[in-house]
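User: Hi! Could you walk me through this structure?
Analyst: Happy to, here it is.
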Amino acid sequence: MQHFIEKMPKAELHVHLEGTLEPELSFALANKNGVVLAYETPEALVAAYDFYDLPSFLAIYYAGMNVLVEEDDFYQLTYAYLVKARSQETIYAELFFDPQAHTSRGVSFDTVITGIHQAQVDAEKKLGIKSQLIMCFLREMSAESAMQHLELAKPYRNLLVGVGLDSDERDNPPIKFYDVFREAKAMGLKLTMHCDVNQQDSLIHIKQCISDIQVDRIDHGINSLESEELCELIKDKKLGLTVCPVSNQFVVQSLTSVEIHKMLKKDMLVTINSDDPAYFRAYLNENLVQLQKEGKFSQEQIVTLVGNAFKVAWLDDATQNGYLQQLQRYVSEHS
Ligand SMILES: [Zn+2]
């Protein structure tokens, strides 16, 4: 089963580029840019990854970003992730980035997006991995700041496929960003938002995402299982849910295999993703392999989970069908 999973053609829909910053690259960039890190070695840095909830993770996560300064730093970050993803047979990825985490440190929007985009172009050409970019807003920052960044993104509209919302969910409901997401939709961008696991007001936030913001997808969204109404809404609207098992384990001490089984049973379009793989020490293959072991998922269920990611990806029908056929070919050759 592990070999079957590792060699499958896969898609990743929930990965934060800043969360793919490996300790070794972090130290190399810190040296180059004269940034002082709080730890002496990459091993010591990893040893400090002791998260138990969202805020404890975010504190370490934002401190880590200080090493990203020049355009080439963003290029290296993105290219390294795409190399790693391709080595795991990920053939398509939708990538989150958080421009406010960089502009707030004096790094220009152009520096960030140009570096990322160039790496995407090169990786598609050289490695054969296609990717699209989703600009996320930091929800603890103001709606005005989010709107300013949407304005900054307008000259780069064609480099983006959608917008998202992430970071500290407490007291930062989806509705706070109603105007920003209306404007993004008017620009033709797809919409997604994080509804992290076990957050305060989780069900209210999920409802707002669906009914007020009218998202095209939900990131995480596990708590929707607590409401039959929300499950039905998600199914009716065929909304994909990007679940991240190893990330969840830091909050709920399980890979949420029970919940993922329930979603499959309800025919919800649940997908498996890595979230912040450098910090959680697990890329997409590790997420799938560990999840399969915990939940004893059948090969057919794993294929459904991987197929769902292609189905809810923001792609044109022809490209999507091409990927699904590639997956089907793999399954018939390896079953
Ligand atoms: Zn996330």
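User: Before I go on, what should I know about the model and the numbering?
Analyst: This is a predicted model, where local features need pLDDT of at least 70, side-chain atom pairs count only at pLDDT 80 or more, and totals for chains, interfaces and linings use all residues. Residues are numbered from 1 along each chain as its sequence is written, and side-chain values use heavy atoms, with hydrogens and water left out.
User: Thanks. Back to histidine 14: where is its place, and is it buried or exposed?
Analyst: Histidine 14 has its place in strand β1; strands are DSSP runs of E with at least two residues, helices are runs of H or I with at least four, and both are numbered from the N terminus. Histidine 14 counts as buried, at 0% relative accessibility. The cut-offs are under 20% relative accessible area for buried and over 50% for exposed, with partly exposed in between (1.4 Å probe, protein chains only).
User: What coordinates the zinc ion?
Analyst: The zinc ion is coordinated by His14 (NE2), His16 (NE2), His194 (NE2) and Asp275 (OD), at 2.1 to 2.3 Å. Donors are N, O and S atoms within 2.8 Å of the metal (3.2 Å for Na, K and Ca), and sites may look incomplete because water is not among the atoms.
User: And why is the arrangement irregular?
Analyst: The 4 donor atoms subtend angles of 81 to 172° around the zinc ion, which makes the arrangement irregular. For four donors, tetrahedral needs all angles between 85 and 135 degrees; four count as square planar and six as octahedral if opposite donors are over 155 degrees apart and all others between 65 and 115, and anything else is irregular.
User: How are the donor residues spaced in sequence?
Analyst: The spacing is H-x1-H-x177-H-x80-D. Histidine 16 is in strand β1 (residues 10–16) and histidine 194 in strand β5 (residues 190–195), so this pair ties together parts that are 178 residues apart in sequence. Histidine 16 is buried at a relative accessible area of 4%, and histidine 194 is buried at 3%.
User: What about aspartate 275, where does it lie?
Analyst: Aspartate 275 lies in the loop between β8 (269–272) and α14 (277–280), and counts as buried at 4% relative accessibility. Not counting residues up to four places away in sequence, aspartate 275 touches several residues, including Glu12, His14, His16, His194 and Phe280.
User: Which residues does the UniProt annotation "binding site" cover?
Analyst: According to the unreviewed UniProt entry, that annotation covers His14, His16, His194 and Asp275. They are spread over 262 residues of sequence but cluster in space, with a largest C-alpha distance of 11.8 Å. UniProt positions are given in the numbering used here, with feature names shortened, and annotations may be inferred rather than shown by experiment.
User: New topic: how many helices and strands does the chain have?
Analyst: The chain has 17 helices and 8 strands. Its radius of gyration is 19 Å, close to the 20 Å that the globule rule gives for 335 residues, so it is as compact as a globular protein of that length. That radius is taken over C-alpha atoms, and the rule is 2.2 Å times the number of residues to the power 0.38.
User: And how much of the chain is buried?
Analyst: Buried residues make up 57% of the 335 residues.

Note on methods. Contact = heavy atoms within 4.5 Å.
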